[in-house]
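Take a walk through this chain, from its overall make-up to single side-chain pairs. Keep the model open as you read.

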Amino acid sequence: MCSRNWISRPRTLAFRLTLWYGTIVILLSGVAFLLSYLMVTRLLEERSDQELLNQVSTFESIFKAKGIDAVKRVMILEAQAAGERKIFFRLLYMDGSAFSSSNMSYWENIAVARDAIRRLIEGRPHVFDTLVDPNVGYRVRILYRVIGPGVILQLGQPMEHAGRFIEASRKILVGTLVTLSALSILIGWFMAKKALSGVGEVTRTAREITGGDLGRRVPVKRWGDEIERLAVTFNEMLDRIEGLVVGIREMSDNIAHDLKSPVTRIRGMAEVTLTTAGDDPGAIAQYQGMAAGVIEECDGLLDMINTMLMISKTEARAAVIERTAVDVGALVRRACELYEPLAEDKGVTLTRRTPEGCIVIGDPRLLQRAVGNLLDNAVKYTPEGGFVDVFVVGLDPSRLEVVIEDTGIGIHASDLPHIFERFYRCDPSRSLSGTGLGLSLVRSVAAAHGGDVRVESAPGVGSVFSLALSVSEEPGRKT
């Protein structure tokens with residue numbers, strides 16, 4: 001089981017982030033330490049070279065002042081004073097052959113570099129060389145320089161102090177690098193787990209929701225980072241999903257209830273038709289009336305189903321909504337012309353005020369349906385002698401409003417929060433023919449066009465419905 005978890009761990013984002021973080025820190029630290037090591041080595045080597053140059057300059061001065069014999073004596077004394085294992089001197093002719101030296105028993109493996117002699121002959125002021133002598137145990141730094149006519153001084157000393165310092169520095173740097181690597185992995189793991197803790201909460205919440213707990217939400221920590229925005233967006237999505245699920249449940253219950261009555265009437269008509277079949281001469285007329293009733297009920301059912309589909313598609317933004325320039329004033333005038341005969345039959349005065357140039361970007365078919373539903377309700381619930389006034393106003397350069405004001409029976413305050421819900425019907429005084437879907441469709445159309453719908457009403461006074469629309473198409477509402 002443990003091995004299986006370990007195998008699956010590299011697949012986690014926290015492990016990959018830790019691996020990347022640790023690798024980057026180790027690489028950067030390694031490069032920094034390598035540069036430091038090379039810099040220290042170079043500085044120590046330059047210091048050793050400068051010491052050799054100073055010594056050679058001293059011998060060059062002695063040669064000029066006192067001759068070659070003085071150089072030989074000082075050379076031997078310097079080697080004895082420093083220690084024959086610490087330094088050696090060798091005098092050479094220009095062909096590279098030695099004619100005098102300090103005690104070379106410890107330096108017998110150090111030969112004369114012909115290439116260094118050649119470069120001196122070519123005009124180089126001095127030549128440095130580095131050799132590794134197993135007897136010495138450290139690198140040996142050697143300097144070749146012409147100190148007088150036909151005389152070359154070969155001077156060498158082991159880089160013991162520098163080597164010890166470099167070795168200690170190497171151990172310290174390696175130990176520090178190993179420690180930093182371990183710390184970087186631990187810190188990277190902690191930071192990755194801390195940063196991804198919000199993702200884990202989102203995952204746990206999603207699992208609980210999958211188990212059926214739609215009320216669960218991701219805790220939001222006010223840190224202003226990407227995880228917080230993810231949690232907020234996830235919670236907003238959950239709110240919408242929960243609203244859709246609740247709406248589906250309510251719609252299913254309402255559909256079951258509202259379809260029951262027309263289906264029962266259709267079945268009753270068909271049953272009466274079967275049981276009264278006979279030789280009665282009036283049966284044909286009776287059958288025709290029953291058939292007409294069945295067709296009427298079926299048309300009502302189809303209209304209810306189509307309206308529900310339109311609402312669902314509009315709210316889910318799954319419908320193909322046309323986006324064209326719509327003259328709202330002309331649209332309202334056409335709607336009023338359509339309902340004027342109905343208003344005249346009821347004795348209701350229908351007036352309109354529609355200025356020119358009220359243009360919005362939207363679907364004329366849906367907007368016509370929304371305005372028609374509002375007009376239908378206003379005329380339907382306004383008694384004889386009442387008034388229905390329709391007008392279009394501009395709220396600001398980006399929004400306009402279609403207002404439908406009536407002197408109808410009004411709506412109780414307890415019903416106002418629910419009238420835009422599907423299948424909701426007010427008290428019996430308003431229970432005329434209808435499906436309870438008209439205002440719900442109006443709200444869906446308004447939302448699809450970047451607007452909303454509001455209502456102000458009082459029983460016995462009348463109602464004012466305001467359909468606000470965005471003049472230009474809002475981002476994110478394309479379908």
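Predicted model: local features only at pLDDT ≥ 70, side-chain atom pairs only at ≥ 80, totals over all residues.

The chain holds 11 helices and 12 strands. It has 479 residues, and 37% of them count as buried. Take the contacts between residues at least 6 apart in sequence: 64% of these join residues at least 24 apart. The chain exposes about 27,400 Å². Carbon and sulfur atoms supply 60% of that area.

Turn to the charges. The structure holds 17 salt bridges. One of them joins glutamate 46 to arginine 42, with the closest N and O atoms 3.2 Å apart. Both residues sit in helix H2 (residues 13-66). They are 4 residues apart, which means a separation of about one helical turn. In general, residues three or four places apart point the same way, because an α-helix has 3.6 residues a turn.

Arginine 141 and aspartate 49 meet in a salt bridge, 2.7 Å from N to O. Arginine 141 belongs to strand E4 (residues 139-148) and aspartate 49 to helix H2, so the bridge ties together parts that are 92 residues apart in sequence. Are these two partners buried or exposed? Arginine 141 has 9% relative accessibility, so it counts as buried. Aspartate 49 also has 9%, so it too counts as buried.

Helix H4 (residues 114-121) carries another pair, arginine 118 and aspartate 115. They lie 3 residues apart, about one turn of the helix. Their closest N and O atoms are 2.3 Å apart in the salt bridge. Arginine 118 is partly exposed at 40% relative accessibility, and aspartate 115 is partly exposed at 38%. Elsewhere, salt bridges that share partners join Arg42, Glu45, Glu46, Asp49 and Arg141 into one network.

Now the rings. A search of the whole structure finds 5 aromatic pairs. One of them is formed by phenylalanine 420 and phenylalanine 465. Their geometry is edge-to-face, with 6.5 Å from centre to centre and 80° between the planes. Which parts of the chain does this pair link? Phenylalanine 420 lies in the loop between strand E10 (399-406) and helix H11 (438-448), while phenylalanine 465 lies in strand E12 (residues 462-470). The two are 45 residues apart. Both are buried. Phe88, Tyr106 and Trp107 form one aromatic cluster. A charge also meets a ring: arginine 353 lies over the face of phenylalanine 391, at 4.4 Å from the ring centre.

Helix H11 is mostly covered, with 8 of its 11 residues buried. Among them are Leu439, Leu441, Val442 and Val445. Ser440 and Ser444 are buried as well. Just after H11, glycine 450 takes a positive phi of about 70°.

Tyr21, Leu180, Leu183, Leu186, Ile187, Phe190 and Met191 make a nonpolar patch of about 660 Å². Helix H5 (residues 160-195) gives the most to this patch, with 6 residues. Leucine 183 lies in helix H5. At 42% relative accessibility, leucine 183 counts as partly exposed. Patch residues need over 30% relative accessible area, so leucine 183 clears that cut-off.

Conventions: Residues numbered from 1 in each chain as written. Heavy atoms only, no water. Patch = residues over 30% accessible without salt bridge, like charges linked within 9 Å, V, L, I, M, F, W, Y side chains within 5 Å. Areas by Shrake-Rupley, 256 points an atom, 1.4 Å probe, with all protein chains shown as cover. Salt bridge = Lys/Arg side-chain N within 4 Å of Asp/Glu carboxyl O. Buried < 20%, exposed > 50% of the residue type's maximum accessible area, 1.4 Å probe, protein only. Phe/Tyr/Trp six-rings, centres within 6.5 Å; stacked < 30°, edge-to-face > 60°. Lys NZ or Arg CZ within 6 Å of the ring centre and 35° of its normal. Contact = heavy atoms within 4.5 Å.
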